[in-house]
Structure formats: structure tokens, C-alpha cells
Amino acid sequence: MAPTSCSLCRDAKAILKRPKTGQQICKNCFFFVFETEVHHTITESELFKPGDRVAIGASGGKDSTVLAYVMKTLNERYNYGLDLFLLSIDEGITGYRDDSLETVKRNQQQYDMPLKILSYDELYGWTMDAIVEQIGKKNNCTFCGVFRRQALDRGAASLKVDHIVTGHNADDIAETVLMNIMRGDIARLGRCTSICTQGEDTIKRSKPFKYAYEKEIVMYAYFKKLDYFSTECIYSPDAYRGHARTFLKDLEAARPSAIIDIIHSGEAFEVKEEIKAAQKAQQTCKRCGYMSSNDLCKACTLLEGLERGMASSVITDRARKNMDAMGPAPDNIRTIPLFRSTPTIAVELPSQS
Amino acid sequence: MSSCGNPAAEEQALMPRRLKFGNSKDCVRCRLKPGNIVIRHAVYCKECFTPIVDMKFRKVLEPSVNARVGTSKRPKLKASGNLCLGFSGGLGSSILLDIVHNTYFSGRTPLDDSGKPRGGTNHPRNASVWPSCIVCYVEACGAFAGMQDRTEDIRSVVERYPSFDFVPLRIEDAFDGSWWTKVSGLKSTPQVWLELSKEGLLTDDLHVASQVTGLTPVEAMRSYLSSLPTQTAISSALQNLARVLILHTAHSRGSSHLLFGTSLTSLSISLLSSISQGGGYTIREELQEEWAPVAASGSKPSNVLRVIRPLRDVTAKECAVYAWWNNISVIGRDKQRRAIIGIVALTKNFVVGLEKDYPSTVSTIARTCEKLEPKDAPSGQCRLCKRPMQSAIQEWKGRISIRSYSDDKLAADLAHIPSPCRGNLDTSIPSQVPPILALTDFLCYSCHTTLTSRSSRGVKQPAPGVSSATPLPIWVADRGLYEDGLMGDGARRKIPEEEMLDTVAEFLIDNQDCEE
């Protein structure tokens, strides 16, 4: 059978079928459309302005590795005028994060970007290994997720950046839409399809890979021979997300456009005004100054639970009330330092070798 | 396997399974009798269960019966038109028929000593909420060869309720001009045909083709279904055809209300499935809808038909128990249609699986969707599904994926195309091509996706002699496709490499080329 020619350039031989469109295209056209689509996502949402300092949330996994590579490429190609940094969070998971951080350090050399690594131990006085030792694997993702979000903001503040970009891809967003519907999380459902979110005191966060399929990111990394590490966490038993993920993969197998169709759905609806009005207003945490919908932010609540040896009982609001009923927090527990937008933490620069 | 059914999850990481019910085995309502059924961790006895389901039914339906909301806390129920019930033969719609009949049509008006209705037959209290009720059933056997016609079985069920009139429809009526004339009152409406690609599927641009005559409604419908690119599209198209057939029939019969027997479980399935097919904009219509055909310019607007799902607070389990305890016979839905594997079937398996272990998740899906509304005002009504349509759908699709280098928006980016791919690239300004009529801009996101989104698997080659065009349902041109100015724009660990290859292998055409 004669080789199929690329349906875009109609010249080269097609070597892959794009998961997103089903078109048979050549390798060079794949690189071009992948990068140009990310460029369009960035420019049409006006994510950056010249001179912005942008931190790339880097885990060493495929998404963030490809993101760092594509951001660097686009910044040079289209003269965005951005100062790019790599920002990694060390959760303190032996045998998992220390290996992936090695990949990030190699990326720092390859892409010639300053790197900042901020650890849970440094910020909270607890590593995930220590947390899991106390609470077991159940609910440990709650601690990790809450701590990571705040750690990224604090790391970004230390780099004095205006913006954090993360490698969340279309599959992640579609999965989150489904999950928020299934667990009735109206507040998150309302904002999970936004390309850029910004709290009152926090740094802007955005997802340039919002419309990029996970399979295409893997394909891009494969053809570009990028250096990345598998980031399947050894403590990740998030059964609920697992259900949503399996369901999404089934939908994608039935019709590949399902991923983008779910994102379109998520962008087409919004939470009713009367429901929004009943939601809690955003304030700042009385202990650490980070944004919060209660007197204490979730990270301070979880940390207090850990310090008081009641960590497994502070996941829900009701459990939090039970802990409050047992009296105020002792003075000698560790707390998170006050959040300031311009703290000074040393930044590791790439060596000039 | 763990309690949540996820084989990958470790036991230690999961929530412990909740008790099936609370401490007491007595009915939580009367607190006297031992319970017979557990509904979401609460125990009910047989006597209390039926009134609870009836109450849930009325609680959803009755606030929407009167055309206007008055000031009275318990207003007298009086609908502005007739009632239409959508009947599939399934569990929910069988219960719907029974409850509607017992509640509103069984003639339980209080009688005086002489055995006549108290206050006379003309007393407002004794008037029916709806003057009459029709039951619509859509027979889909024409869609598949070898499928049994069940119309007579369904008729025998409906005839058990003497107050109801049976209105049988056939799925191929959607392609039948005489049916359309009957329900719309329009003498003739041209049928729209779309071009087919070499593979026998609809083209991405949905170009309108010249008409081909001589097809019977069944042939036209089968041609339409075979031109759809996925199993998901076929099942979604069948659902839509049946829905629009019933909507038009109900409207033509002067109905003010159309009721479907969608249970909470079915509702959650349809909500999640609709979102997965890009139907987020019409999520409100999936729950409850006020529908009227778009009036032709200059004519009087039509009466509004309220589409309500009064069993939307009753789970499938409750429906099954209700049917069993009240001796309601259920024919069941046709098996061949249910066997279509697509997003609807996958969602059904997923939600039904969840319902067994996490009954509250099913309710959460519906409750969450009730809190949503479309972001922008509609730009019109979709020609195919007759639901509100969002604006700028094609712009959105074009923005998120590049499908052609001839797009004007790419002009500035084409300079960055790698040189090996520039050979055949035509970057010149396209010559003036005469505009071609295209349907793309007159479809909602979901319908456009249904018609054009393809499977990742290869398509079957069409049989030789297959037509180059396919007809669309007759209502697509109800407002006059050609007179309405519907002109298109006319433009036509360290990860080993093997593991990475495995992930993307199904998308690679020739693995040898990957080593370049």
C-alpha cells in the first residue's frame, strides 16, 4: 500500500495519527501544530506580557519537562520577552522525588534556566514520608495537594515571579471536571476550566497545555527524545480520581474528542449566581496570611492536626470542629511562616559549564 | 479487590465501607413496622414506601403545572393544555404511566350521597388538571435489521389505562414528509442532504449536497445512521430523533406538558453522558426544558411545552421496588438498541456501578448539575436537536486545534513551519470560490461533534454503489434553509523508550519511521 502523505503539508510521509484530530501527519508538522496550538492558547488568553518573570512548575515528569522545553522554544521563537525559571517542590518521598529531582536538575542544565527547589521539610517541618508514617496512606494526597499548592506560591514569591505555569493537560482538566461533578464540588467546578487563576494575594497560575492531549505530550517527548521521569507517586492511592481517570480513558477510547468535548462543556456552563452568592467569601489565614475561606487556611489546619497528633481527624470540616472543641492549639507547635509576596530565599543558578 | 472496586487501590488507603443502614431496622417514617427496604442508608416499610415515591413525584411535577406562579401556597392545579407522556416500555416510564393515571386520571373525585361528584361535574374541584393525556411511543425497529416491532406490546400496556390515548410513532417518521406535514401544518419542507466522503461518512465541513430522490423513510434513516462516524454518534442520534419526534407530536396535539419517566439514575447518566459529548451548554435542558418550535418570521409564536422528568428524585432501585410492590408490569427496552457500545453505554455502566457502592454519588451528579446554567445567551436553536445553541462554536474548535494550513489565522505562524514541510504549501491568498451551503454554523457543539467526530480506529470501507450524499431529518429545514440566509463561508524511572513507544504506538502509522 502506498504511504499516506501528511494531511497538513501534503508532502512528507505521514507517520502518526494525531489523537486530538485523527489526522495522519508527518513528524515536523506534528511539532509545528503542537507548538503553535500552545502559542495560540498563550496569546489568545493574553497570559503574559514582555518582561514577566515566569516560574515553570517542574516535577521532572513528562508534562512539566515538555512544558519547559516548549516555553523556552516559544519564548525564543515569538520573542515573548519572559524570564523563565524552574520551580520544584520536594515533598520528601524517598526513592520517588529524589530521583525525579535529578531529572529537573538535568533540565536546568539543558534549558539553561535558574532552578529553585523548595521542600516540605523546609516550609512545614514535615516530609511526606513522616506524614505517611503518622497517618498511613489514607488521605495522604489531601495533605500533599494542599501543601504543594501553598509551597508553589511561596517558592514563586521567593523567585519574585509574576506567574506560575503548570503542566496540567487536557486530560487532567477533563478528569477534574468529571470529578468535581461527581463529588459536588461546585466551587472548583466553576474555576477548573479557567486557563488562569489568581487569588487576591497569590501569584497568577496558568495552564498553557489546557488543550493539549496527554498522548500528544508523550508523543512530543518521544520524538524530541526529551529527558523525563515517571512521576507515578508511590503514595498515590487516590481511589476517587482513579475512578474518574478510568472512566475518561474509556470515553476517549470510544471517541477521542471526548476529552476536548468535556472541556468545552466545562467552559460552556457556570455556577448559578444565587449559588455563588451563598459560597464563603475569600479571606486571609489568621495564622500564616495565605488566602483562605476560613479563619485558618487548610495547610495550617492540617499542620496543626499533624502537630497535635490528630492529623487523620482534620480532613473534614466536622472533624476540624471536634479538634477545636478540644481546646486551642498549644503555643509550642510548629506553624507555617507568615506569607509575604517578596520573601528572600536563595536561588540556585545553573552552572556556567 | 478493594471496597471501591478499584483493583489498583490499596486497602489501607480507602474509606471503610459504610453500614448499609443505621442502628434501627424499623421504618424511619412510621417507626412502627420493621423495614422492608434500605434507600440510601434509611430503612422504609412497604406501606410507607409507595406514598414517599408518590410524594417525590408530585414535588417535582406540581410546581410546574400551572402556567403562572400565583401567590397561593396551595394553588389549584390547572394546566393550560393537554398532557403527553413519553413511553419507552422501560422501568421509569412504566411507573410514570401508573402514577400519572392514579394521581390525575383515575376519577377519584369525592362523591355525594347519590354517587355523583360532589358539587357537580362542572365544579372546579372536579375538573381534571389536564383535559386529556396522550402516550407517545417511538418504535425504533426500522433502525436495525432483524429487530422486533414492539408497538402492539406497548399498545396493550397503554390500553390498561383507559384515560390515555396511544400515539405510536416510528423512528423513520423523522425522514417522512407526510408525518412532518401532519405535525407542523406546513405543506412541503425540502429535505436537506449532506455530502459524504470517500469512506461514506459525513465530511468535516458538512456541505449541503443536491437532493437525491426515491428513498423511503426507512432507507433514508438507515443512510443517515450509516453516515455517522461512531457508535456514540448512532446512539446519540437515535435518542435525539426520538426526543424531537415526541416534542413535535406533543406540541401538535396541544400539550402544555411532556413528561418522561427518567429516574435519578437515568438522569445522572444522561447528564454525565451529555457533558462527555460536549453538551454542557444545554445541561439545564437535560434537567427540565421549556420548548417551542422556532416560529417562521412574521408568524405568531407557538405555545410553550414544558418538558418535565417527575421521577428525577427517585433512584432506579426505588423504581424497581415500586414496580414490584405495585404489580406494574415492565416490558423493558429493546435489547439491540441498548447493546450499542458508545459513550452513553459506558456512562451507564459507570454510573450503575457507582450506584451499588456509592448511592449518594448518583444523586450528587444531578444535584451539582442543577446548580449550573449556560454562560452566554443562546444564538439560536440547533437545527438538528432543537435545543439552544451557543455562538462561535466553530471559532472555538478552530482555536484549539489546527486542522489545515489554509486557515487565515495561521498566516503569521507559517513562517515557522520546518522547511521539509514547505514544499507543497500553498500560502497564496485563496481564489474567490463560490460560496457553498454548509450546515456547520447552524448546529450546536454536541450535534456538530456527533456528525463529525471520528473514532481513533479505522473506518470500514463503504459497500460499492453507496450514495455520495445522505438525507437529514426533515425538521432541519423547517424554517427554510435556503431562504434563511444560511450561507456558509464557502472555504473548504527513567522511562525506557519502549514504554514511551507503547503509550503512543496505536497512533504511529509506521513504527520504523519513528527511529529517524
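Two strands pair if DSSP finds at least two bridges between them; strands (E, at least two residues) and helices (H or I, at least four) are DSSP runs numbered from the N terminus. This is a predicted model, in which local features need pLDDT of at least 70, side-chain atom pairs count only at pLDDT 80 or more, and totals for chains, interfaces and linings use all residues. Residues are numbered from 1 along each chain as written, chains are lettered from A and ligands numbered from 1 in written order, and side-chain values use heavy atoms, without hydrogens or water.

Q: Which residue is the bridge partner of Val54(A) in β6(A)?
A: β3(A) and β6(A), residues 163-165, pair in the parallel sense over three bridges. In β6(A), Val54(A) is partnered by His163(A).

Q: How many of the five residues of β3(A) are buried?
A: Buried means under 20% relative accessible area (1.4 Å probe, protein chains only). Strand β3(A), residues 53-57, is largely enclosed by the rest of the structure, because the number of its five residues that are buried is four.

Q: At what angle do the axes of α1(B) and α2(B) cross?
A: The axes, lines fitted to C-alpha atoms over the stretch in contact, with angles from 0 to 180 degrees between N-to-C directions, come within 11 Å. The helices are therefore roughly perpendicular (65 to 115 degrees). Their axes cross at roughly 80 degrees.

Terms used: Angles under 35 degrees count as roughly parallel, over 145 as roughly antiparallel, 65 to 115 as roughly perpendicular and the rest as oblique. Buried means under 20% relative accessible area, exposed over 50%, partly exposed in between (1.4 Å probe, protein chains only).
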